[in-house]
Structure formats: C-alpha cells, structure tokens
Amino acid sequence: MADYARRRTMMVDTQVRPSDVTKYPIIAAMLHVPREHFVPGPLREAAYAGENLAMGDGRALLAARTFAKMIDALELTAQDVVLDIGCLQGYSTAVLARIADFVVAVEEAPMADEAEALLSEVEIDNAAVIAGPLVEGAAKSGPYDAILVEGAVEAIPAALTDQLKEGGRIAAIFAKGTLATVRVGIRIGGTVHWRDLFHAGAPVLPGFSTAPAFAF
C-alpha cells in the first residue's frame with residue numbers, strides 16, 4: 001500500500017521548501033491536504049511527482065513547486081476571500097481553504113461536480129465550486145482579495161481582473177510562444193500592475209488564448 005503521507009512530506013521537503021517557500025500556513029496546508037485524493041485513480045501513483053500532472057483534455061495539475069510559489073506570491077491571509085480559476089478536481093481549492101477565509105472555485109462541468117464531492121469528502125466547508133467558463137470567473141461572489149489562475153494564459157480579460165478588490169492580488173502563468181512566466185499583479189486605482197516572478201510551464205486554459213477583446 002502506498003505511503004502517501006510520506007510522499008507528501010517528501011514533496012514539501014524536496015520541491016517546496018527548496019524553492020524558498022517557507023510560510024507556515026502554506027507548508028502546513030500542503031502537508032495536510034492529500035494530493036492523491038484529487039486525481040483520478042490511475043494517476044495517484046504520480047500525484048507527488050515534481051512536474052505538472054496531465055489530467056486529460058489539455059489540462060494539468062500544476063507542479064507543487066509552481067503552485068506553492070504562486071500562492072506565496074499572493075501573500076494570503078486568514079481573512080482573505082480567494083477566487084480559484086481552474087481547480088480541476090479540487091486540490092488547489094483544498095489547500096487554499098486551509099490558508100484563507102473562503103475560496104470560490106470555478107471549473108467546467110462535469111469536473112466541477114467531482115471537485116465539490118471530493119472537497120466534501122475531506123470536510124472542506126469554507127469553499128464553493130461553481131460550474132462555468134473559467135474565463136468568466138465568479139463575479140456574483142466577488143470582489144476578491146486574491147485570484148489564482150491554475151494554468152497558463154495568453155491574455156486575461158478585464159472582466160476577470162475587475163473582480164479583484166482594490167489592493168487585491170492575482171497570479172497567473174503567462175505563455176508567449178514556447179516561453180511561460182509566472183506574474184503577480186496588484187490592482188491599484190482600477191488597474192492591475194504586473195511583475196514577473198519565475199519561469200514555469202502549463203497548458204493554456206480554455207478561454208484564455210489571445211483575442212482582440214482581451215488585455216494583458
């Protein structure tokens with residue numbers, strides 16, 4: 001029988017801590033949440049590998065290093081309400097829910113229903129999963145203190161960044177050709193100001209390809 005608890009500790013000790021992610025709430029959450037619970041059965045043996053985990057249909061669960069560094073950049077507090085875009089089967093939402101006050105996750109159907117059920121099984125009661133287009137976010141439940149985009153984007157529509165509170169933060173992986181860079185932005189005076197953090201790859205999420213109506 002696989003010792004997932006040991007693998008979880010190894011993931012944190014070899015992938016997360018060496019990436020300069022040391023905030024206690026992040027470390028504690030990633031040590032606690034069973035990553036294998038949020039992937040299909042055949043993928044559980046690979047749940048703690050140090051790379052993106054392909055989940056089918058061009059989607060991927062972000063590598064622990066990338067995910068942890070993005071959360072770290074958002075500087076979350078226990079009072080924050082977070083929007084989690086592209087939660088897949090709910091792993092990211094479960095981790096965020098142990099750090100923030102409440103998490104609103106958006107995922108396409110039918111995976112949204114799977115995420116909701118799996119979150120319930122691990123007794124996460126401060127999160128909600130909304131089924132719908134990822135690119136639209138969840139404006140009715142906002143505005144948010146932080147937004148985490150769980151995959152790459154070529155562009156982000158203003159309709160999504162407008163769901164941030166003033167002073168709110170957003171993290172996403174911006175893809176341009178074969179290069180991809182994690183950026184964090186902060187909303188000041190109605191405009192999001194971005195800065196580059198580190199390189200990381202991920203598939204472009206549905207709806208986030210470049211289009212004339214979008215703005216970086």
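Mentor: A residue counts as buried when its relative accessible area is under 20%, as exposed when it is over 50%, and as partly exposed in between, with a 1.4 Å probe and protein chains only. This is a predicted model, in which local features need pLDDT of at least 70 and side-chain atom pairs count only at pLDDT 80 or more, while totals for chains, interfaces and linings use all residues. Residues are numbered from 1 along each chain as its sequence is written, and side-chain values use heavy atoms, with hydrogens and water left out.

Trainee: Why is arginine 187 called buried?

Mentor: Its relative accessible area is 13%, and the limit is under 20%, so arginine 187 is classed as buried. Aspartate 162, at 45%, is partly exposed.

Trainee: What makes arginine 187 and aspartate 162 a salt bridge?

Mentor: The term requires a side-chain nitrogen of Lys or Arg within 4 Å of a carboxyl oxygen of Asp or Glu. Here the N to O distance is 3.2 Å, so the pair meets the definition. Arginine 187 lies in strand β8 (residues 179-188) and aspartate 162 in the loop between α6 (158-161) and β7, so the contact ties together parts 25 residues apart in sequence. Such elements are DSSP runs numbered from the N terminus, helices being H or I of at least four residues and strands E of at least two.

Trainee: What makes the buried residues of α5 line one face of the helix?

Mentor: In helix α5 (residues 111-121) the buried residues are Met111, Ala112, Ala115, Leu118 and Leu119. Seen down the axis they fall within an arc of 130 degrees, so they line one face, the arc being that of the directions from the helix axis to the C-beta atoms. On the other side of α5, Asp113, Ser120 and Glu121 are exposed.

Trainee: What covers the buried residues of α5?

Mentor: The cover includes α4 (91-97), β4 (102-107) and β5 (127-131).

Methods. Contact means heavy atoms within 4.5 Å.
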